[in-house]
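Here is a friendly walk through one model, written for someone who likes to check geometry by eye. Open the viewer alongside the text and follow along.

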Amino acid sequence: MNANADINTPIRAIIADDHPLVLLALENMLVGYPNMQIVGRAADAAELFTEVDRVSCDLVLMDLYMAGGLYGDGLESVRQFKVRYPEVALVVLTMETEAEALKKVIALGVNGLMSKRDRIDLLHVAIVTALARECYLGPAVRAMIDDAARVRRLDFVRQMLSRRELEVFTQYACGFGVTEIAVRLGRSVKTISAQKCSAMRKLALNSDADLFRFAVEHGVIPDDRMQHRR
């Protein structure tokens with residue numbers, strides 16, 4: 001809540017979702033929060049804008065993709081909202097799973113973005129953060145964005161290395177020594193060592209520590225494998 005606001009002043013909220021049951025669930029959740037007052041409801045973006053024009057509010061919770069309305073896709077609705085009502089805290093709820101779409105929503109300046117797969121009790125955290133004019137990202141949203149970034153980094157590694165270099169690089173990063181890898185892959189130690197060095201040179205890595213760190217950061221191996229490094 002705004003630090004300058006009276007602690008007893010209700011937070012006026014408008015909720016928008018094209019699914020009546022979701023709308024009801026949101027209302028039931030919000031009325032249980034202290035100093036929270038639902039002052040409007042909407043089933044699409046056009047209704048939402050009408051409600052915000054009709055009654056003053058501090059907070060809007062809206063579904064990203066609502067059927068009907070006059071503002072095209074969900075991103076355009078959010079864009080229009082931020083232009084027309086910059087002083088209203090906006091939390092967006094969505095079933096979107098594409099990381100690029102989620103990043104576009106964040107770039108529009110929303111104060112919160114939660115997946116409908118996130119725990120519902122985290123909605124209170126999102127609201128408090130939004131009213132403080134910061135941006136809250138739900139765990140599922142963060143995970144989808146992080147996973148997509150890891151996939152892109154792994155694709156970069158695959159493009160840079162040959163299949164055999166990647167094979168050696170991966171096994172070395174998992175903690176196997178050059179001799180062990182040679183036995184496992186049926187190649188000579190000299191060949192494995194050369195392929196490891198070639199991979200490191202292509203990726204501009206100067207030490208084993210750099211290699212292990214790079215492997216985790218680029219999704220070649222999971223984080224928990226770092227404990228097995230040599």
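In this predicted model, the axes of helix α4 (residues 99-107) and helix α6 (residues 139-160) cross at roughly 120° and come within 9 Å. An angle from 65 to 115 degrees would count as roughly perpendicular, and α4 and α6 are therefore oblique to each other. Their crossing is left-handed. On the α4 side the contact is made by Ala99, Glu100, Leu102, Lys103 and Ile106, while α6 brings Val141, Met144, Ile145, Ala148 and Arg152.

Is Lys103 buried, exposed or partly exposed? Lys103 counts as partly exposed because its relative accessibility is 32%, which falls between the 20% and 50% limits.

**Domains and the annotated region**

The domain assignment divides the protein chain into domain 1 (11-144) and domain 2 (161-218). Taken over C-alpha atoms, the centres of domain 1 and domain 2 are separated by 47 Å.

A UniProt annotation, from an unreviewed entry, places "domain: HTH luxR-type" over residues 154-219. How much helix and how much strand does the chain have over residues 154-219? The chain there is 76% helix and 0% strand. The end C-alpha atoms of residues 154-219 are 6 Å apart.

The axes of helix α8 (residues 178-185) and α9 come within 8 Å and cross at roughly 110°. That makes α8 roughly perpendicular to α9. The crossing of this pair, α8 and α9, is right-handed. Val178, Thr179, Ile181, Ala182 and Leu185 of α8 make the contact with Val189, Ile192, Ser193 and Lys196 of α9.

For α7 and α10, the axes cross at roughly 100° and come within 9 Å. These two helices, α7 and α10, are therefore roughly perpendicular to each other. Here Phe169, Tyr172 and Ala173 in α7 meet Asp208, Leu211, Phe212, Phe214 and Ala215 in α10.

**Two buried residues**

Phe169 belongs to helix α7 (residues 163-173). With a relative accessible area of 1%, Phe169 is buried, because buried means under 20%. Which residues is Phe169 in contact with, leaving aside its neighbours within four places in sequence? They are Leu161, Ala199, Leu203, Leu205, Leu211, Phe214, Ala215 and Val220. Among these contacts of Phe169, Leu211, Phe214 and Ala215 are also named on the α10 side of the α7 and α10 pair.

UniProt, in an unreviewed entry, places the feature "modified residue: 4-aspartylphosphate" at Asp63. Asp63 counts as buried because its relative accessibility is 5%. Leaving aside its neighbours within four places in sequence, Asp63 is in contact with Ala16, Asp17, Asp18, Leu93, Thr94 and Lys116.

Asn35 lies in the loop between α1 (20-30) and β2 (36-42), whereas Ala204 is found in the loop between α9 (189-202) and α10 (208-217). Asn35 counts as partly exposed, with 33% relative accessibility. Ala204 is exposed, because its relative accessible area is 60% and exposed means over 50%.

**Accessibility at a glance**

The residues discussed above are gathered here.

| Residue | Relative accessible area | Class |
|---|---|---|
| Phe169 | 1% | Phe169: buried |
| Asp63 | 5% | Asp63: buried |
| Lys103 | 32% | Lys103: partly exposed |
| Asn35 | 33% | Asn35: partly exposed |
| Ala204 | 60% | Ala204: exposed |

Key. Residues are numbered from 1 along each chain as its sequence is written. This is a predicted model: local features need pLDDT of at least 70, side-chain atom pairs count only at pLDDT 80 or more; totals for chains, interfaces and linings use all residues. Side-chain values use heavy atoms; hydrogens and water are left out. Helices (H or I, at least four residues) and strands (E, at least two) are DSSP runs, numbered from the N terminus. Buried means under 20% relative accessible area, exposed over 50%, partly exposed in between (1.4 Å probe, protein chains only). Contact means heavy atoms within 4.5 Å. UniProt positions are given in the numbering used here, feature names are shortened, and annotations may be inferred rather than shown by experiment. Domain bounds come from an automatic or database domain assignment. Axes are lines fitted to C-alpha atoms, for helices over the stretch in contact, and angles run from 0 to 180 degrees between N-to-C directions. Angles under 35 degrees count as roughly parallel, over 145 as roughly antiparallel, 65 to 115 as roughly perpendicular and the rest as oblique. A crossing is left-handed if the near helix is turned anticlockwise from the far one by less than a right angle, and right-handed if clockwise.
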